[in-house]
Amino acid sequence: MAKQFNVTGICIPEKHYMADISATVREITETLVDQGAYFCINRARQYGKTTTLYLLEKKLLERYIVLSLSFEAADDLFTSAYTFAAGLVRRIGKKLSMQKIPAGVLNAWNAPLSREFALEDFSDKITDLCKSCEKGIVLMIDEVDKSSDNQIFLSFLGLLRAKYLEQQKGQDHTFQSVILAGVYDIKNLKLKIHPGQETKYNSPWNIAADFNMDLSLSVSGIEGMLAEYEHDHHTGMDIPQMTRTIYDYTSGYPYLVSRICKLIDEYDTPKTGFGGWCQAGVTEAVRMILKSSNTLFDDMQKKFMDDPELKRMIYSILFGGKSFPYYPVSQPMKIGVLFGFIKEENEQAVIANRIFETFFYDLFLAEDILESKTYDAALLSRNQFVKNGILDMELILTKFLEHYHEIYSNSSEKL
């Protein structure tokens with residue numbers, strides 16, 4: 001089967017054109033997992049977290065037992081402490097059965113549970129499992145913030161934290177490493193649960209090591225992906241120029257890079273007249289992305305609705321010319337960074353990439369138009385600016401001033 005560009009789910013090197021992230025996977029393994037760190041990979045939507053976990057699991061299986069789980073569509077786990085603990089035992093048992101685990105160890109793990117089985121009993125099972133296995137065990141859970149506002153999940157994090165600390169003192173056996181993945185930083189779970197309250201930073205995950213690795217695609221990574229595609233398809237593209245053009249629009253945001261490439265690959269036919277593997281093709285692909293409805297843009301718009309302070313900050317950057325030092329401590333700045341809206345450039349906070357910048361401009365301008373009284377009046381008389389086939393420039397300037405004063409009458413800054 002021929003390789004394709006993929007923008008949904010996991011990217012698999014044998015099936016999909018993708019940037020080589022083996023160096024990142026190796027760094028995570030050596031600097032965090034091998035050192036026994038517990039940490040969270042928190043990045044924006046469609047930023048390659050699940051693909052990173054998949055490739056990391058393949059790497060770790062060379063030396064560890066890996067329990068790779070996901071809390072996607074796992075609401076049924078959180079009805080009670082019993083269902084949560086029993087559900088995790090069941091899911092972990094399936095993962096263990098697919099690896100080289102001694103039969104006695106597997107049978108002990110899968111032994112029937114009593115109806116009184118609770119988190120404390122689950123803790124004991126983890127201890128027994130880790131004592132019985134020759135290899136270290138790594139627990140990986142994706143989509144953790146799907147259920148991060150649940151007290152049972154917080155209790156589970158507290159259990160892992162307690163076992164981690166006891167193991168540090170040589171008084172317990174537990175996982176070699178725990179890796180949680182989601183958008184929100186698990187250290188700040190309360191930020192999501194109770195915005196604006198003093199307790200918002202009291203997460204039971206304060207043992208976690210910082211995860212500062214860049215998961216965006218580098219110029220060399222994009223170039224390698226395009227080189228592989230060119231080797232298979234012989235388009236004649238200028239690979240360095242294509243790489244730079246794609247990076248200039250996306251700043252390496254994984255979904256946007258793959259989406260541009262996928263659109264060019266699909267529409268580059270003589271019948272469509274698409275620009276092809278050149279700058280014009282990239283421009284056309286970007287135009288199509290901005291015109292289309294997709295889950296990434298839907299999430300971005302929803303986040304604006306949920307967080308007016310973040311929205312005001314983005315608006316101030318784009319339309320007010322304001323400069324914010326890149327210091328992600330305040331809530332709006334922190335959320336903007338978590339969701340990939342903002343990045344650092346020369347110690348200042350800037351919009352993460354040109355596509356997001358255009359999307360935000362379009363969003364704000366559309367809102368201004370919908371709220372504009374002068375625009376509503378113009379709709380009632382579309383031809384008011386044309387008299388005898390000639391543009392009435394005086395009327396155009398008058399209406400411009402009306403519209404300008406309507407929007408900026410309260411502004412203290414000069415035009």
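Predicted model: local features only at pLDDT ≥ 70, side-chain atom pairs only at ≥ 80, totals over all residues.
A salt bridge is taken here as a side-chain nitrogen of Lys or Arg within 4 Å of a carboxyl oxygen of Asp or Glu.

**View 1. A salt bridge joins lysine 58 to glutamate 14.** The N to O distance between the two side chains is 3.9 Å, which falls within the 4 Å limit. Lysine 58 belongs to helix 2 (residues 49-60), whereas glutamate 14 lies in the segment before helix 1 (22-33), so that the pair, 44 residues apart, links distant parts of the chain. Lysine 58 is partly exposed, with a relative accessible area of 40%, while glutamate 14 is exposed, at 52%.

**View 2. Aspartate 34 and arginine 63 pair through their side chains in a salt bridge.** Here the N to O distance is 3.1 Å. Aspartate 34 sits in the loop between helix 1 and strand 1 (38-42), and arginine 63 in the loop between helix 2 and strand 2 (65-70); the two are 29 residues apart and link distant parts of the chain. Aspartate 34 has a relative accessible area of 24% and is partly exposed, and arginine 63, with 48%, is partly exposed as well.

**View 3. Lysine 163 and aspartate 172 form a salt bridge between buried residues.** The side chains meet at 2.9 Å, N to O, and both lysine 163 and aspartate 172 are buried.

**View 4. Helix 3 (residues 81-97) carries a set of buried residues.** At 1.5 Å a residue, the 17 residues of helix 3 should span 24 Å, and this agrees with its end C-alpha atoms, which are 24 Å apart. Phe84, Ala85, Ala86, Gly87, Leu88, Val89, Ile92, Gly93 and Leu96 are buried in helix 3. Among the elements that cover these buried residues are strand 2, helix 4 (103-109), helix 5 (119-132) and helix 6 (151-168).

**View 5. Helix 13 (residues 308-319) meets helix 14 (residues 331-338) at a crossing of roughly 80 degrees.** The axes of helix 13 and helix 14 come within 9 Å, and because angles of 65 to 115 degrees count as roughly perpendicular, the two helices are described as roughly perpendicular to each other. On the side of helix 13, Glu309, Leu310 and Met313 take part in the contact, and they meet Pro332, Met333, Ile335 and Gly336 of helix 14. By class, this contact of helix 13 with helix 14 has five nonpolar, one polar and one charged residues.

Key: Residues numbered from 1 in each chain as written. Heavy atoms only, no water. Axes fitted to C-alpha atoms, helices over the stretch in contact; angles between N-to-C directions. Helix = DSSP H or I, 4+ residues; strand = E, 2+ residues; numbered from the N terminus. Parallel < 35°, antiparallel > 145°, perpendicular 65-115°, else oblique. Contact = heavy atoms within 4.5 Å. Nonpolar A, V, L, I, M, F, W, Y, C, P; charged D, E, K, R; others polar. Buried < 20%, exposed > 50% of the residue type's maximum accessible area, 1.4 Å probe, protein only. Expected span 1.5 Å × (residues − 1).
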